[in-house]
Amino acid sequence: MSTELIKYLDEEGNLINNYKPSLDEKKLRYLYDLMILTREFDDRGLKLQRQGRIGFYIGCKGQEASHIASAFALNDDDWIFPSYREPGILIMRKVPLYKLFCQMIGNEGDPCHGRQMPCHYSHREVNFVSISSPLATQIPHAVGASYAMKYNKEKKVAVTYFGDGSTSEGDFHVALNFAGVYKTPTIFICENNQWAISVPITKQTASESIAIKGLAYGIESFKVDGNDVFAVYEVTKKAIEKARDGGGPTLIENYTYRLGSHSSSDDATRYRSNQEYELWLKKDPIIRFEKYLLSEGIINKDYIDSQKKFAEEEINNAIKQAEKLKNPSLETLFTDVYEDIPSNLKEQMKNLIDEQKRLGESEDNSLAFPL
Ligand SMILES: Cc1ncc(C[n+]2csc(CCOP(=O)(O)OP(=O)(O)O)c2C)c(N)n1
Ligand SMILES: [Mg+2]
């Protein structure tokens, strides 16, 4: 199973391989709505960067099914150790949308007060661990956390997301080895979007798949069509149930495609053929799912229009709300670090605030971000 592609929904929206959906119509509509909202969120995030309203954006266009349908199989108190292309999970876990824009801006509404790269969300209240800039570091974190869950006999699991390029990092191998030996309740989801910035998968690895790498560590592994909501959901669900029942880890390779550039600082047209892009545009996970839902009468044209309008309004309101907030105060440099600020630092804090009053606040509008 580690190299054969698991697929239940073809590009024309037809069910294949004798698959019958296990989710009811209400849940299917919910998944569709989330994907539409996430696409709009993503589109506007990039536009905000282009308009100079935020410094950097990193998108998930084309990878909505891969992260949304997989996270949908989790319980709310399971843990996520994310990469940077899964904002739909935060939307699903009901983090207020404006908070995500606050994070991009780095204002006082951002839980990290601008001390993380834009789009590197961190939401403790929904068990969404801070996104790591250094690739693959989240993978051993997920294994450690899930080892603790097993040790403490909690019936929880940890899911970690990472890219194809990240499987070349030592952390990936260290984590898989430990998880295989100690049978930790970890679900490893590799979002193989076939590119690591400008490095294609063919230059990334000589293995015939990413999934096959899991077998070497004694981990059950699957390669799934990552643009197929049904295949992603079913395979992840089984892996989660197995982990919860003490059956150990699973590696899932979601074979997908990054429809956008790597980030707002990248231009994929410089290294990727238009032909390849056009081919994958036809495999868009939202369009495929939409075709299925339409053909089954689960949604109709009016429903699609109203959901798109709703998503637009929600995102507009969230951006408006986020942009009203101020920059984090200077005090937070100290108060975010210490519950009880030592007296010498209190003095430094006072001096700094006095200095700011004396000089006035400066505005840095350059917003340049190199990555
Ligand atoms: C340890 C480390 N090396 C290099 C980088 C720079 N970098 C940021 S994203 C990226 C590509 C990652 O590709 P992949 O793991 O496939 O994830 P994708 O961006 O395709 O989702 C690189 C090389 C980094 N952040 N961390
Ligand atoms: Mg990649």
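User: Hi! How many residues of strand 3 are buried?
Analyst: Six of its six residues are buried, so strand 3 is mostly covered. Buried means 20 or more other C-beta atoms within 10 Å of a residue's own, exposed means 12 or fewer, and partly exposed is in between, with C-beta atoms placed from the backbone. Strands (E, at least two residues) and helices (H or I, at least four) are DSSP runs numbered from the N terminus.

User: Before we go on, what sort of model is this?
Analyst: This is a predicted model, where local features need pLDDT of at least 70 and side-chain atom pairs count only at pLDDT 80 or more, while totals for chains, interfaces and linings use all residues. Residues are numbered from 1 along each chain as its sequence is written, and chains are lettered from A and ligands numbered from 1 in the order in which they are written.

User: Thanks! Which residues of strand 3 point which way?
Analyst: A158, T160 and F162 point one way, while V159, Y161 and G163 point the other.

User: And what sense does strand 3 pair in with strand 4, parallel or antiparallel?
Analyst: Those two run parallel and are joined by six bridges; strands pair if DSSP finds at least two bridges between them. T160 sits opposite F188 of strand 4. With helix 6 (residues 170-182), strands 3 and 4 make a right-handed β-α-β unit. Right-handed means that, with the strands pointing away from the viewer, the path from the first strand over the helix to the second runs clockwise.

User: What's the strand order in the whole sheet?
Analyst: The sheet is open, with six strands in the order 1-7-8-4-3-2 and parallel pairing. Strand 1 (5-6) and strand 2 (79-81) are the edges, each pairing on one side only. Strand 2 is joined to strand 3 by three bridges, and I80 stands opposite V159.

User: What about strand 7, why is it called enclosed?
Analyst: Five of its six residues are buried, so the rest of the structure largely encloses strand 7. Strand 7 pairs with strand 1 over two bridges, I6 being the bridge partner of V224. On to strand 8: six bridges link strand 7 to strand 8, with S221 partnered by L251.

User: Which helix goes with that pair?
Analyst: Helix 9 does: strand 7, helix 9 and strand 8 form another right-handed β-α-β unit.

User: Switching topic: which residues does I89 touch?
Analyst: Setting aside neighbours within four places in sequence, I89 is in contact with H67, A71, I80, P82 and F128. Contact means C-beta atoms, placed from the backbone, within 7 Å. I89 belongs to helix 3 (residues 87-92) and counts as buried because 24 other C-beta atoms lie within 10 Å.

User: Last one: what surrounds ligand 1?
Analyst: There are 16 residues around ligand 1, the closest being L135, G163, G165, S166 and A196. A residue counts as near if its C-beta atom, placed from the backbone, lies within 6 Å.

Key. Two residues are in contact if their C-beta atoms, placed from the backbone, lie within 7 Å.
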